[in-house]
Amino acid sequence: MESASGANGATDVDAAIERTAELPAGLCEALHGARNVVVLSGAGMSAESGVPTFREAQTGLWARFDPQALATPEAFARDPALVWRWYEWRRDLVADAEPHAGHRALAELEARVERCTVITQNVDGLHRRAGSREVIEFHGNLFENRCFVEGHVLETLDTSRGEPPPRCPDCGAWARPGVVWFGEAIPAAALEAADAALSDVDLFLSVGTSSSVYPAAGLIEQAARRGATLVEINTEDSALAGLMDFRFTAPAGAALPALVDALGNGGPHP
Ligand code: BJW
């Protein structure tokens with residue numbers, strides 16, 4: 001693994017961020033030569049927008065809430081009102097959040113390289129709100145509702161009557177948030193789109209994910225097998241940090257603008 005501060009150490013973030021000219025030569029080459037960039041983002045990507053991560057000690061959602069009681073289909077079947085209310089709280093939190101400079105830098109990256117796909121594990125919609133268009137929502141979307149039995153998207157829901165959750169207007173089953181819970185399959189369209197994006201990936205950015213939830217973390221391994229240059233941006237080492245060619249121990253909101261700046265203003269690579 002190469003880093004700005006020397007072999008196998010954490011990148012000298014401040015220097016790298018403040019003086020992008022000092023990015024490691026290998027990384028500059030990979031950035032300028034990249035035709036197909038794939039970004040995998042996780043909860044750390046949205047942390048600076050005020051959206052809590054999952055697994056960080058103290059502040060992570062799973063430090064305060066039991067995922068088995070809130071983020072599984074069994075939990076929803078057991079206590080739909082509890083789970084629905086938790087997700088309403090999460091929706092309110094995200095509704096107040098704004099994309100930050102890192103989200104905007106990724107949107108800009110899309111205009112500067114031939115192809116750039118963001119595969120996000122986040123359900124908050126902040127990449128799209130920042131302007132990214134090629135976004136794969138691997139774990140669904142917090143603001144979508146689905147029928148708990150049939151699984152189809154419910155475009156309109158009457159939330160005004162009775163105890164939550166509302167009912168599917170077609171079959172009367174509970175409506176549920178359109179996210180992927182533990183034990184549930186990733187939507188087939190998302191899996192296929194991610195696979196297509198990775199088929200000829202040459203630069204892979206892993207941003208703000210602990211790389212501990214599969215199959216999302218498997219995308220990093222897939223990119224490594226395909227021979228892509230792997231870059232991690234994270235405030236801590238992720239579970240797959242050892243696979244990375246370059247690591248930035250830095251917040252996404254600072255490191256991503258620095259990386260995208262390093263590409264210059266020359267438009268898409270010829
Ligand atoms: C910063 C920062 C800053 C902070 N800047 N960085 C193989 C091995 C073992 C287990 C499994 C396996 N394959 C499958 C499993 C089971 C399970 C799993 O992976 N479990 C592991 C936890 C052990 N996977 C599943 O159940 C998946 N489904 C499945 O496998 O289905 C099989 C199937 C097939 C066919 C039919 C039926 C079934 C589904 C997983 C769904 C995950 N869902 C959640 C909740 C989504 C809804 C919601 O939001 O409520 O998704 S769990 C949660 O974890 C959420 C996240 O997307 C996901 C990943 O977390 P993420 O994004 O990495 O966040 P954190 O908190 O872990 O990390 C944040 C990082 O940011 C940290 O590293 C910080 O350092 C960093 N950071 N601030 C940069 N400013």
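In the predicted model, 33 residues surround the ligand, a residue being counted as near when one of its heavy atoms lies within 4 Å of the molecule. The closest of these residues are Tyr 87, Arg 90, Thr 209, Ser 210 and Asn 234. By class, the shell around the ligand comprises 15 nonpolar, 12 polar and six charged residues; here Ala, Val, Leu, Ile, Met, Phe, Trp, Tyr, Cys and Pro count as nonpolar, Asp, Glu, Lys and Arg as charged, and the others, Gly among them, as polar. An oxygen atom of the ligand lies 2.7 Å from an N or O atom in the side chain of Arg 90. A nitrogen atom of the ligand is 2.7 Å from a polar backbone atom of Glu 184, and an oxygen atom of the ligand is 2.8 Å from a polar backbone atom of Tyr 214. Taken alone, the ligand exposes 1,500 Å², of which the protein buries 74%; accessible areas come from the Shrake-Rupley method with a 1.4 Å probe, and for residues only the protein chains shown count as cover. Helix H3 (43–47) and helix H7 (80–95) are the elements that give two or more residues to this shell, and H3 gives the most, with three residues. Helices (H or I, at least four residues) and strands (E, at least two) are DSSP runs numbered from the N terminus.

Residues are numbered from 1 along each chain as its sequence is written. Because the model is predicted, local features need pLDDT of at least 70 and side-chain atom pairs count only at pLDDT 80 or more, whereas totals for chains, interfaces and linings use all residues, and side-chain values use heavy atoms, with hydrogens and water left out.

The chain as a whole has 12 helices and eight strands. Buried residues make up 51% of its 270 residues, where buried means under 20% relative accessible area, exposed over 50%, and partly exposed in between (1.4 Å probe, protein chains only). The chain exposes about 12,200 Å², and carbon and sulfur atoms supply 49% of that area. Among the contacts (heavy atoms within 4.5 Å) with a separation of 6 or more, 66% are between residues 24 or more positions apart.

The largest nonpolar core contains 30 residues, such a core being a set of buried Ala, Val, Leu, Ile, Met, Phe, Trp, Tyr and Cys residues joined through side-chain atoms within 4.5 Å. Val 37, Leu 109, Leu 205 and Leu 256 touch the most other members. Two or more residues each are given to this core by helix H2 (25–33), S1, helix H8 (101–112), strand S2 (115–120), strand S6 (203–207), strand S7 (229–234), strand S8 (246–249) and helix H12 (252–262). The largest share, six residues, comes from H12. Residues up to four places away in sequence aside, Val 37 touches Leu 109, Val 113, Arg 115, Cys 116, Thr 117, Asp 202, Leu 203 and Leu 205. Apart from this core lies another, of 22 residues, among them Ala 194, Ala 197, Ala 217 and Ala 228.

Ser 41 is placed in strand S1 (residues 36–41) and counts as buried because its relative accessibility is 0%. The side chain of Ser 41 makes a polar contact with the side chain of His 127 (2.8 Å). A polar contact is a pair of N or O atoms within 3.5 Å; within protein, one must be able to donate a hydrogen and the other to accept it, and residues adjacent in sequence count only if both atoms are side-chain atoms. Beyond four places in sequence, the residues that Ser 41 touches include Val 118, Thr 120, Asn 122 and Val 207. Asn 122 itself lies in the loop between S2 and helix H9 (126–130) and is buried, with a relative accessible area of 7%. The side chain of Asn 122 makes a polar contact with the side chain of Ser 46 (3.4 Å).

Most residues other than glycine have a negative phi, and most peptide bonds are trans. A cis peptide bond, with omega about 10 degrees, joins Tyr 214 and Pro 215; Pro 215 is in the loop between S6 and helix H11 (216–225). Ser 211, found in the loop between S6 and H11, has a positive phi of about 55 degrees although it is not a glycine. Ser 211 is buried, with a relative accessible area of 2%. Gln 58, in the loop between H3 and helix H4 (61–64), has a positive phi of about 75 degrees and counts as exposed because its relative accessibility is 70%.
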